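Hi everyone, thanks for coming.

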Amino acid sequence: MRILFATEGTYPSIMGGVSTWCDQLVRGLEDQEFHLVEVTGPLPTQPAYRLPRNVVDLTSVHLWTPRRGRPSGRVVRTSDRFEGGLEALLRFADDDLVAFGDGLLTLARLGAQIDLWPWFERPSTWRHVHDSMERLLGEPPPLAEVAVGLNWLRGTLVPLMDVPPRPDQAHTTSNGLSAIPAWIAAKEHSIPLMLTEHGLYLRERYLSLSSEDNPPAVKLLRSRFYRALAQLMYAEADLVVSVSEFNRAWQIQLGAPVERTRVVYNGVAPSAFPDGGDTPQNDPTVAWVGRIDPIKDLETLIMSFEHVKAASPDARLRLFGPVPKGNERYHAKVTGLVRDLRLQQNVSFEGPVTPAHHAYHASDLVALSSISEGFPYVAIEAMMCRRPVVATEVGGVGEAVGAFGRMVEPRNPSEMGAALAELLLDAPLRKELGAGARERALTLFTLDRMYSGYRRLYRELASPAQMAAAS
Amino acid sequence: MSVPYTPPDYVAPEADLATWSGPERRSRDPIDQLSRSFNRLCLEASDRFEIVANLEALGFNSPSALSKLGVSDHFELAKDLYARTPTTFERRRPLAQPERDWLGPIAMVLALLVTFALGAYATTIQLAPAIWILTWSQVAAALLSRAAGEIGREEHDHVLAILMQLGAIGIAATWIAAPFGLEAAAPALLWYGVAGLLWARRFGFALALPLVVGVTSGMAAWLDLPPELAQIVAIAASGAFVLPLVAHASRPTLGWALRRAPAMLFPALYGLGQGLLIIALLRQTPADSQVMLGASLLALILLTSRALLLKLKERLTSMLWVDTDVDRFVTRARWALLAYAAVYLVPIVVAGAARVGSGPQPWMFHWQGFALFGLCLALAVVALTLGDPVSPAVAFIIAGGLALFVPFLWICVALAATQLGVLLLRSARVERYAVYLL
């Protein structure tokens with residue numbers, strides 16, 4: 001089966017969690033033929049992953065870049081089609097998803113024939129964008145905001161306005177810009193569309209829009225565009241897949257029909273995270289694995305260790321993970337906190353460790369203190385290594401850990417400290433939870449299980465003719 | 001140790017909550033209290049889902065956290081928060097970054113003065129390297145500007161190396177085609193060196209190079225030494241200073257630079273047009289004229305032009321952030337453009353007044369010529385700032401060609417008038433240039 005597989009800012013150019021998942025899926029389903037469409041930044045990059053043989057081709061869509069080599073098509077009929085398409089597309093400002101979809105499709109068909117870049121420099125395009133921003137804001141926006149909004153629309157939309165060749169199915173790995181080529185292929189060629197989300201694209205856009213200093217009309221334009229796009233895809237995708245029930249709640253809130261939603265958990269290879277046994281460490285040890293980042297709320301974890309130290313003075317907290325660029329101040333803040341609380345003998349920053357299972361094997365249990373998570377690999381990797389997990393009850397963490405660990409309130413050091421101390425001091429309980437955790441991971445969170453889940457979903461979407469051809 | 005929860009962007013209210021008597025502030029309802037701590041987010045949320053996303057990011061999504069607020073679902077909580085808070089947007093205009101680079105303009109002006117003091121430009125052959133350097137520097141500036149937007153900072157040195165190698169090859173090729181002497185090589189290499197050092201942000205070296213050459217030239221004149229001494233120093237110092245830039249690896253970004261080559265056509269034409277105009281000016285020089293006063297005026301114009309351009313840009317940008325009506329903005333923008341151009345007319349008016357008062361003087365030809373040339377350059381950079389590389393390129397190359405046959409001052413008047421006209425017309429196309437100003 002030929003699958004159009006659309007990604008954004010991840011596979012195969014950029015390393016990361018979602019990219020790893022994509023690579024695993026593509027390699028694991030070697031009987032499928034993948035046609036990658038990668039939505040990426042304006043610059044050509046070298047693939048960070050070596051593509052397997054079943055990836056037949058890779059199309060890179062560079063945002064903010066005109067699509068050269070096409071005529072500008074300045075003829076009357078084209079003008080009507082462009083104006084009509086743009087006007088319809090901008091109806092997302094009025095929450096009109098049908099018109100928004102029609103506009104996207106019209107512009108994509110036009111973009112397959114001509115270069116739309118210069119069309120965004122026309123006075124009529126300015127007027128359309130101005131009017132939609134005025135409707136969103138409730139008052140005329142300053143000209144600068146219209147200029148920024150117009151430029152954003154052009155840089156984001158124009159490179160994506162094309163009709164991909166016909167595959168058998170389309171699969172987008174996020175509900176953002178990569179969904180556009182997949183959806184256009186599905187509409188244009190009447191093929192099924194699958195949408196998988198790891199984090200939630202819309203949620204991440206909201207968070208970045210809240211933290212950026214966007215002018216009001218620009219912020220409204222962007223957030224409504226992304227919301228309309230997400231709602232259109234949830235409404236029209238044949239299958240909406242998420243990696244946790246927690247994320248599924250968002251999808252349903254935004255209009256995904258419940259009967260079309262599915263959950264396929266992420267998986268890890270048991271061979272990469274072997275059984276670490278249940279022999280206690282010399283000193284009672286808690287491991288934390290991840291990048292040093294404010295969202296991981298290491299302050300709570302470090303403060304919780306005051307409680308742990310009171311109960312077990314030899315207890316150690318080993319923090320494994322890199323300090324990403326830009327997080328140096330946060331790193332300094334948490335190391336300062338360790339000093340202030342006089343925990344230097346108990347808490348250590350170990351840096352990244354390879355292979356990752358060494359971090360889990362060097363501990364008695366694993367802590368996760370994040371204030372926001374999707375479905376963290378750390379939890380299932382720890383469980384696969386027979387380590388119970390003490391984690392904050394956020395996102396899909398509870399679904400991963402199940403009954404084989406302790407869930408605590410986020411930002412509550414005393415509750416987390418109590419849970420850590422309980423498991424560190426109670427070896428039989430820890431042993432029992434560790435065994436259960438490994439059993440749960442082997443049952444629910446293996447790569448093979450993930451592969452079979454997606455094989456089933458592709459089959460579910462395939463037409464009988466495709467199935468016959470595939471077999 | 002328990003820490004009370006405080007959102008990262010929490011801003012303490014100016015009023016004292018304990019004594020505040022307003023109805024909302026008095027409320028002890030936990031959702032009202034949460035709304036207050038999320039003040040900015042709730043006021044500026046584009047919809048309830050933005051509040052949901054931020055609630056989740058701050059940990060307000062676990063059943064235990066939500067139960068404290070008496071709600072079971074954070075989507076419902078966000079809906080409640082959104083409904084309780086009227087949306088009001090605060091406009092936070094991005095602040096313009098103050099210009100701190102003062103060494104660069106000084107180095108450029110110094111180089112210009114030393115160039116005129118150092119070189120000889122009586123023949124076309126002597127002017128050949130100058131034309132190449134002007135063309136090359138426009139191409140280089142355009143390519144480096146592209147590199148700043150398109151590739152990583154760590155790769156810029158490779159791009160600069162390509163440009164420095166191209167510059168050196170061009171000078172060598174020009175010499176093979178029209179063998180010039182030290183008097184033409186020295187100023188060309190001085191410009192080449194200063195430009196390269198400025199682009200490499202080696203401001204100290206960029207300032208030192210014309211200073212060393214200028215001092216040597218002055219000493220040679222004072223001690224009655226041959227003028228070739230300063231020329232040799234210029235060539236040797238330029239070569240030594242730029243050698244590390246030329247020797248830097250260029251291969252990693254060669255493919256990128258070649259792909260961008262077609263876009264360099266207009267900068268090249270613009271630079272070539274400048275070169276042809278300079279040839280015309282220097283070849284049409286009357287026998288009794290004084291070039292240094294005019295050159296000093298051009299140096300002054302170059303020194304102040306950046307500040308004037310930034311002022312104009314800031315004025316137009318401020319208007320864009322305030323005006324909601326295109327017609328009103330266009331009218332105001334045209335007045336701002338006319339005021340900008342009028343500043344450059346001051347030296348011409350001064351020369352005109354002097355002519356009326358005391359008749360033609362030897363300094364007037366170059367004074368007026370360089371003043372008009374400065375005005376043309378000043379108008380061209382406005383066009384480039386507004387995202388139009390075509391108009392200045394076409395205007396300069398035509399003017400440069402015509403200037404070989406028509407008196408220079410006439411050509412410059414026509415060039416300035418044409419450019420101003422195009423700018424005034426183009427100012428109506430806000431949709432085309434507004435984004436370049438922001």
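Before we start, one term: when I say two residues are in contact, I mean that their C-beta atoms, placed from the backbone, lie within 7 Å. Now take the contacts in chain A between residues at least 6 apart in sequence: 69% of those join residues at least 24 apart.

Keep in mind that this is a predicted model. How confident is the predictor in chain A? The mean pLDDT there is 91, with 96% of the residues at 70 or more. If we go element by element in chain A, strand β8, residues 285-289, comes out highest with a mean of 97. Helix α18, residues 464-470, is the lowest, at 63.

Okay, overall build. Chain A has 18 helices and 13 strands. Its radius of gyration is 25 Å, close to the 23 Å that the globule rule gives for 471 residues, so chain A is as compact as a globular protein of that length. Along the principal axes, its C-alpha atoms fill a box of roughly 80 × 60 × 40 Å. And 53% of the 471 residues in chain A are buried.

That brings me to the inside. The largest nonpolar core has 272 residues, and the ones touching the most other members are A:Ala379 and B:Val194. The biggest giver to this core is helix α17 of chain B, residues 364-385, with 16 residues.

So what does A:Ala379 touch, leaving out residues up to four places away in sequence? You'll find A:Leu368, A:Val389, A:Ala391, A:Val397, A:Ala400 and A:Val401.

That's my tour, thanks!

Terms used:
Residues numbered from 1 in each chain as written. Chains lettered and ligands numbered in written order. Predicted model: local features only at pLDDT ≥ 70, side-chain atom pairs only at ≥ 80, totals over all residues. pLDDT = per-residue confidence, 0-100. Helix = DSSP H or I, 4+ residues; strand = E, 2+ residues; numbered from the N terminus. Core = buried A, V, L, I, M, F, W, Y, C linked by C-beta atoms within 7 Å. Buried ≥ 20, exposed ≤ 12 C-beta atoms within 10 Å, placed from the backbone. Rg over C-alpha atoms; globule rule 2.2 N^0.38 Å.
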